[in-house]
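This report walks a new reader through one protein model, from the overall fold down to single side chains. Please look over the sequence and the structure before reading on.

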Amino acid sequence: MSFRWTLSFLPLILFTVILTAARCVLLSHSLSLPADSDKLSVVFQQLLVATWVHFDRQGRDLGLPFEFEAFVFFAWPIALPYYLVKSRGSRGLLLFAVFLVLLVVPPVVAEVVRLLR
């Protein structure tokens with residue numbers, strides 16, 4: 001992995017770490033993330049993924065509509081793997097797995113902390 005590739009994921013990685021830590025701290029004190037904050041975190045995650053696609057797409061010559069980032073924002077489970085496979089071939093599916101891990105880690109870790117408590 002190159003430094004540039006890792007740097008492009010930095011905002012999503014940082015948000016995932018912060019959100020996971022916040023959920024764990026709240027659950028360790030028998031509290032939970034307010035419903036509105038939970039919804040906002042999902043929207044922010046989608047925004048970070050769409051922004052990553054926007055910046056990643058700038059250096060690639062792909063025939064995609066100019067509003068493709070909006071498709072990624074609203075339908076990321078379909079649009080993101082499509083983009084990754086179109087831009088990287090079969091390696092894109094591995095990268096999609098990385099995105100899934102980053103998006104799923106906070107609720108999974110929070111559930112584990114809740115069960116262990």
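The text below takes up the overall fold, then the core, the salt bridges and some parts of the surface.

The model is a predicted one, in which local features need pLDDT of at least 70 and side-chain atom pairs count only at pLDDT 80 or more, while totals for chains, interfaces and linings use all residues. Residues are numbered from 1 along each chain as its sequence is written, and side-chain values use heavy atoms, with hydrogens and water left out.

**Overall fold**

The protein chain has 5 helices and 0 strands, where helices (H or I, at least four residues) and strands (E, at least two) are DSSP runs numbered from the N terminus. Read from one end of the sequence to the other, the pattern is α-α-α-α-α. The C-alpha trace spans about 50 × 30 × 20 Å along its principal axes. Of the 117 residues, 34% count as buried; buried means under 20% relative accessible area, exposed means over 50%, and partly exposed lies in between, as computed with a 1.4 Å probe on protein chains only. The chain exposes about 7,500 Å², of which carbon and sulfur atoms supply 71%, and such accessible areas come from the Shrake-Rupley method with a 1.4 Å probe, where for residues only the protein chains shown count as cover. Among contacts (heavy atoms within 4.5 Å) in the chain with a separation of 6 or more, 60% are accounted for by residues 24 or more positions apart.

**The nonpolar core**

A nonpolar core is a set of buried Ala, Val, Leu, Ile, Met, Phe, Trp, Tyr and Cys residues joined through side-chain atoms within 4.5 Å. The largest one holds 23 residues, and Trp52, Val72, Leu80, Leu84 and Phe99 touch the most other members. Two or more residues are given to this core by each of α1, α2 (35-58), α3 (68-74), α4 (76-88) and α5 (91-116). Leaving aside neighbours within four places in sequence, Trp52 is in contact with Ser8, Phe9, Tyr83, Leu84, Arg88, Leu95 and Phe99.

**Salt bridges**

Side chains of opposite charge can pair when their charged atoms come close. A salt bridge here is a side-chain nitrogen of Lys or Arg within 4 Å of a carboxyl oxygen of Asp or Glu, and a search of the whole structure finds 5 of them. The table lists some of these pairs.

| Pair | Closest N to O distance |
|---|---|
| Asp38 and Arg23 | 2.2 Å |
| Arg60 and Asp56 | 3.2 Å |

Not counting residues up to four places away in sequence, Arg88 touches Trp52, Asp56, Arg60, Tyr83 and Leu95.

Arg23 is found in helix α1, which covers residues 3-28. Asp38 forms a salt bridge with Arg23, and since Asp38 lies in helix α2 and Arg23 in helix α1, the pair ties together parts that are 15 residues apart in sequence. Asp38 is partly exposed at 29% relative accessibility, whereas Arg23 is buried at 13%. Beyond its neighbours within four places in sequence, Arg23 is in contact with Leu33, Asp38, Ser41, Pro106, Pro107 and Ala110.

**Parts of the surface**

Leu7, Leu10, Leu14 and Ile18 make a nonpolar surface patch of about 370 Å². Patches are made of residues with over 30% relative accessible area and no salt bridge, with like charges joined within 9 Å and nonpolar side chains (Val, Leu, Ile, Met, Phe, Trp, Tyr) within 5 Å. Leu14 lies in helix α1 and counts as partly exposed, at 47% relative accessibility. Gly63 is found in the loop between α2 and α3 and is exposed, with a relative accessible area of 72%. The C-alpha atoms of Gly63 and Pro11, which are 52 residues apart along the chain, are separated by 27 Å.
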